[in-house]
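Here are my comments on the model, point by point. Please read them with the structure open.

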Amino acid sequence: MPNETSGGRQPPLFSFRRESLRYRAQPILNNVELDIYAGESVALVGKSGAGKSTLLKALRQQQSRSVAWCPQDCGLVPSLSVFHNVYMGGLNRHNVAYNLLVLLKPPGRPVAEISTLLDKLHLPEKLWTPVSQLSGGQQQRVSIGRALFQRQPIFLGDEPVSSLDRYQADALLTLIACHHPTRVLALHDTEQALQTCSRIIGLRAGHIVLDSPAAEVSHRQLAQLYV
Amino acid sequence: MSQPGTNQRTAQLDSYGQIRRTTFWFAAAALVGLLLADLDIVNANPWTEFARMGQGLLHPEVSSWGELLEWTAKTLAFAVEGMTLAIALGMLLALLYRHWWIRALCAFLRAIHELFWALLFIQCLGLSPLSGVLALAIPYAGTLAKIYGELFDETDPLPRSTLLQPNGLSAFLFTTLPLAWKPLLTYTSYRLECALRSSIVLGFIGLPTLGYHLESTLREGYYAQAAALLYTLILMVIALKYALQKFLLPIYVLLAFWYLPPVAEVKPEFILRFFTQDIVPAPLQGGWQADTGSRLWQWLQLLWQQQMWPGLANTLIISQIALVSTAVLALLAFPLNSPHFTGRASRILGDSLLVVLRTIPEYLLAFVVLLFVGPSMLPAIIALTLHNGAILAHLLGGFSAEICLRADACRGINRYAYEILPRLYRHFLALLLYRWEVIMRESAILGILGIATLGFYVDSAFEEFRLDRAALLILTSALLNIGIDNLARHLRRRLHLSTTPETL
């Protein structure tokens, strides 16, 4: 099937050939046969524990240098401000001395850039608030901000909007789409998956059991993943 | 039979058994030590001297305020400069702490007591400010590197793992460092307090700190003046907590370096001589001849029989007795700082007593007790017990505050024995095992006061200018400390005690 849809395109960004994916030496996904191409937006769906996170980690390893990464557990530094947590996404673009300066006395440019970004994330007032003082939903938005600030072509997100309400979640998924032509998102909300992604991959009991364009997926197929 | 619950319970019972056995062996070692120890009260009438000291304590007397200020400033300058260098060097070493040879280097640096380092540096650089600063900075760097390294290791790896380049210095500055920042500050400020104590003790071997004048006034029996110096020391340590403001720190550092520049008249030929001749074992100094091998063997044998073995044995005897008496004092005294046994007001009073006791360096305590008891192992044991017991009691009391008891829990001794002590004991043992190495290091050093531990032989070797012997004896004490450090870590792991760094 991948060959049918990829005629004449670039080689795939991600590719697995009958591979077993492991988490802490435990096989989680078996016989993974998968290609993902530039420009695709993919939703991973399935029960919790089906192997979505394991698959995302494996994807990240294949393109570690060009992936914006938004893990399920935000992994923020609680004692640092929102500004610094977001800035962390761009550490690799500057030298150590500049980064040290930003840590001690942030210059105007990154402050302006990150302020603009926070406006889009609906966190405008929180620039200098320590992350430890934010709610779960706010922390999730900071984590998305850090991933966006990494400025990479591919976005990998593990339930990136799970603690946000419907309206905000949609807005942020659109924002992610604006900046990242290629996306792979683990989503527990199948409605959201169908709306924002063009391809659905369903996982169940250690296998990929569904892989088709969003337009062709039926509700019955999705429901079966959760039985 | 193979239910997980049963297994767990068996494992727990095993661990209780192990804890009981460990306690027993420590107590047994201390009892054997007591049989071998020389605990005589040499002074025929200790109480007259004691009474004179009490008089002095009640009537402190400052001979010259200007001089007192100058000595205090110098004491502070040594501590601040030593800590500044130690923090810089310790941080650098902590960044490389994953390499085994860096860990070994740090263990070696901190295994040698700052007084031994000072004696060595004084040989090379004279009685100069630089000698004192380096003597503080080097062992403290080894300790800080260990604590920093362990704190960095324990931080949450997740924030770092989200970055595109998770291995660089930038990633460290933005994730690991801020994650470890709070305990790092707490420990560093505790170390500054220790540095202040060490700076005073350096005065006892001739550097111009408060200790220098404490030693001379005490030795000559001017107890009223000594009392004034002692109160200055206590006030200094207590004021430290309030003086440590973030914006003032750079000013302190600049002031210290300006007031007492860490310089020395460096004579390269002295340093060269130190390494190529002074510390080379005597039989090797004339080059290798036919009988050098046998003469070296004889030299070693003699040194072992006359100095190393008695020094080691006495160091071990004192430290094992002091360890157990420290434990006893800590267990008796922690209720002073525990809300389960005292009211709010009396707890503040009790804890202040413990904190003041902790403020006084073991070395000074031993020196004072020595004055009225006379030279035996007793002053060393009393000093080590009071200082370390107060530290442990203060920590245990604070820790016991976190225990929540039922509203109808029993009171008094029953509460102590049934409710608090069982819950506290593992934590207590973990702290005590951390103290083991400290007590061992200090027992060796108290020899400089005339008690026949390793420090006594080191000091006499320096006095006779037999630096080859001194170097070998210092090396012996370093190996002893490294051995005890490893043994304590092994025990902590085996007993499933906390292995996190001791952060006060």
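1. Is helix 6 of chain B largely enclosed or left open by the rest of the structure, and how many of its 26 residues are buried? This is a predicted model, so what follows describes a prediction. In helix 6 of chain B, 20 of the 26 residues are buried, so the helix is largely enclosed by the rest of the structure.

2. The length of helix 6 checks out. Helix 6 of chain B covers residues 129–154. At 1.5 Å a residue it should span 38 Å, and its end C-alpha atoms are 37 Å apart, which agrees.

3. Next, the domains of chain B. The assignment gives domain 1 as 15–44 + 308–504 and domain 2 as 46–278. Their C-alpha centres lie 21 Å apart. Across the boundary, 28 residues of domain 1 of chain B are in contact with 30 residues of domain 2 of chain B.

4. Which elements of domain 1 of chain B give two or more residues to the side that touches domain 2 of chain B? They are helix 14 (344–359), helix 15 (362–373), helix 17, helix 18 (454–463) and helix 19 (467–494) of chain B. Helix 15 of chain B has the largest share, 7 residues. By class, this side of domain 1 has 21 nonpolar, 5 polar and 2 charged residues.

5. Now the core. The largest nonpolar core has 210 residues. A:Leu44 and B:Ala366 have the most contacts inside it. Helix 17 of chain B (residues 412–445) gives the most to this core, with 15 residues. Domain 1 and domain 2 of chain B both give residues to the core, so it lies between them.

6. Leaving aside neighbours within four places in sequence, B:Ala366 is in contact with B:Pro379, B:Ala380, B:Ala383, B:Leu446 and B:Leu449.

7. Last, the chain interface. Here 16 residues of chain B are in contact with 17 residues of chain A. On the chain B side, the elements that give two or more residues are helix 7 (158–161) and helix 8 (169–202). Helix 8 of chain B gives the most, with 9 residues. What is the make-up by class of the side of chain B that touches chain A? It has 11 nonpolar, 5 polar and no charged residues.

Conventions
Residues numbered from 1 in each chain as written. Chains lettered and ligands numbered in written order. Predicted model: local features only at pLDDT ≥ 70, side-chain atom pairs only at ≥ 80, totals over all residues. Contact = placed C-beta atoms within 7 Å. Helix = DSSP H or I, 4+ residues; strand = E, 2+ residues; numbered from the N terminus. Nonpolar A, V, L, I, M, F, W, Y, C, P; charged D, E, K, R; others polar. Core = buried A, V, L, I, M, F, W, Y, C linked by C-beta atoms within 7 Å. Buried ≥ 20, exposed ≤ 12 C-beta atoms within 10 Å, placed from the backbone. Domains from an automatic or database assignment. Expected span 1.5 Å × (residues − 1).
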